Amino acid sequence: MDNTTAFTTRLQKLLDYYDLSASGFATKIGVQRSSISHILSGRNKPSLDFVMKILHTFQEVSIDWLMDGKGSFPKSTSSAPPIINSKKSYSEVNDIEKPKKDLNTLIDKKPVANNTNKEIAKIIILYSDGSFEAYKN
């Protein structure tokens, strides 16, 4: 971070951009109101937790811009994170021809709803590490 004054200026730009008071901003990111006041007045430096709460709450804010003034605010759409974060690409998911286990062993081939003829065609299991397995019928 280049300095606290520059960070404070960028923080004020966020407040103006989102049309939030310091109190409203504090509520939105989940910190005490005094935290915002102390940072804006230069009394305290922002903590890592404070910065991370801003980044998680406002997806348009890049860490480079917030910390060092590099880049632009709001982030350009080309630098937006992917919607799906997985170890497998979209094309790999569509090319899956397995299952190791037959889909019919996972489910009975019964209609999904009582009054429809819909059947389950694919089951995707999502794991906490971002990976997944897909089973097709």
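Helices here are DSSP runs of H or I with at least four residues, and strands are runs of E with at least two. With that settled, this is a predicted model, and the protein in it has seven helices and two strands. Along the sequence the order is α-α-α-α-α-α-α-β-β.

Some totals. Of the 137 residues in the protein, 25% are buried. The protein exposes about 9,500 Å², and 51% of that comes from carbon and sulfur atoms. Among contacts with a separation of 6 or more, 49% are between residues 24 or more positions apart.

Now helix 1, residues 4-17. How far apart should its ends be? With 14 residues at 1.5 Å a residue, the span should be 20 Å, and the end C-alpha atoms are 20 Å apart, so the two agree. The buried residues in helix 1 are Thr4, Ala6, Phe7, Thr8, Arg10, Leu11, Leu14 and Leu15. As background, an α-helix has 3.6 residues a turn, so positions three or four apart point the same way. What do the buried residues of helix 1 pack against? Their partners are helix 2 (22-29), helix 3 (33-41), helix 4 (48-57) and helix 5 (63-68). Just after helix 1, aspartate 19 has a positive phi of about 55°.

Then the strands. Strand 1, residues 122-126, pairs with strand 2, residues 132-136, in the antiparallel sense, over five bridges.

Terms used:
Residues are numbered from 1 along each chain as its sequence is written. This is a predicted model: local features need pLDDT of at least 70, side-chain atom pairs count only at pLDDT 80 or more; totals for chains, interfaces and linings use all residues. Side-chain values use heavy atoms; hydrogens and water are left out. Buried means under 20% relative accessible area, exposed over 50%, partly exposed in between (1.4 Å probe, protein chains only). Contact means heavy atoms within 4.5 Å. Accessible areas come from the Shrake-Rupley method with a 1.4 Å probe; for residues, only the protein chains shown count as cover. The expected span of a helix is 1.5 Å times one less than its number of residues. Two strands pair if DSSP finds at least two bridges between them.
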